[in-house]
Amino acid sequence: EMYPSSFHLLGQAHDFRVQYSSILRIFILPRANAPQTIVAVALDPPLRKGQTTYPMVLCQFHNDEEMTIDLQLSEESLKKLNDKGAKLTKEMTGP
């Protein structure tokens, strides 16, 4: 789930809310000889689960799946984000 200032990760035992301001870097890593792409998100402060910290979150996506999403943003919000360098449209499509 994505919100204006954070996103929500749902795990088996824990749920995490990650603020966009805590994202340091995002790496897109296509896998050789596999129809998947890994997206690695570096966080500071890292996620904590008990005594263990997780400075990176990995997400795996299948390359052959195409999605279309409608952004729930007003025209004014969309214009503000695009003025800051974003390349967003009301409807986003891609693998």
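Predicted model: local features only at pLDDT ≥ 70, side-chain atom pairs only at ≥ 80, totals over all residues.
Let's start with the strands. β3, β4 and β5 make an open sheet of 3 strands, in the order β3-β4-β5 and with antiparallel pairing. β3 and β5 sit at the edges with a single partner strand each, so one side of each has no neighbour in the sheet. Ignoring direction, neighbouring strands here are turned by 25° against each other on average.

How many bridges hold each pair? β4 and β5 pair over 10 bridges, while β3 and β4 pair over 7 bridges; both pairings run in the antiparallel sense. If you want landmarks to click on, Q36 stands opposite H62 in β5, and R25 stands opposite A42 in β4.

The largest nonpolar core has 8 residues: F7, F16, V18, V39, V41, L43, L47 and V57. Two elements, β2 (15-19) and β4, each supply at least two residues of this core. β4 has the largest share, with 4 residues.

β3 is another story. This strand is hardly covered, and the count of buried residues among its 8 residues is 0.

## The largest pocket

The largest pocket holds about 1500 Å³. Its lining takes in 32 residues, and the closest to the pocket centre are M2, V39, F61, I69 and L71.

β5 gives the most, with 4 residues. By class, the lining has 22 nonpolar, 8 polar and 2 charged residues.

## The second largest pocket

The second largest pocket has about 240 Å³ of space. It is lined by 13 residues, with G11, Q12, H14, F16 and K49 nearest its centre.

The lining divides into 9 nonpolar, 3 polar and 1 charged.

Most residues other than glycine have a negative phi, and most peptide bonds are trans. Two spots in this model are worth a look on that score.

One is N33, which has a positive phi of about 60° although it is not a glycine. Where does N33 lie? This residue is in the loop between β3 and β4, in a hairpin that has 5 residues between the strands. Is N33 buried or exposed? It is exposed: the relative accessible area of N33 is 86%, and the cut-off for that label is over 50%.

The other is the peptide bond from D44 to P45, which is cis, with omega near 10°. P45 has its place in strand β4, the strand that pairs with β5 over 10 bridges and with β3 over 7 bridges.

Key. Residues numbered from 1 in each chain as written. Heavy atoms only, no water. 1 Å grid on protein atoms, 1.4 Å probe; cavity = no way out; pocket = protein on both sides within 12 Å on 5 of 7 lines; lining within 4 Å. Points joined across faces, edges and corners; volume = space filled by probe spheres on them. Nonpolar A, V, L, I, M, F, W, Y, C, P; charged D, E, K, R; others polar. Pairing = 2+ DSSP bridges. Axes fitted to C-alpha atoms, helices over the stretch in contact; angles between N-to-C directions. Core = buried A, V, L, I, M, F, W, Y, C linked by side-chain atoms within 4.5 Å. Buried < 20%, exposed > 50% of the residue type's maximum accessible area, 1.4 Å probe, protein only.
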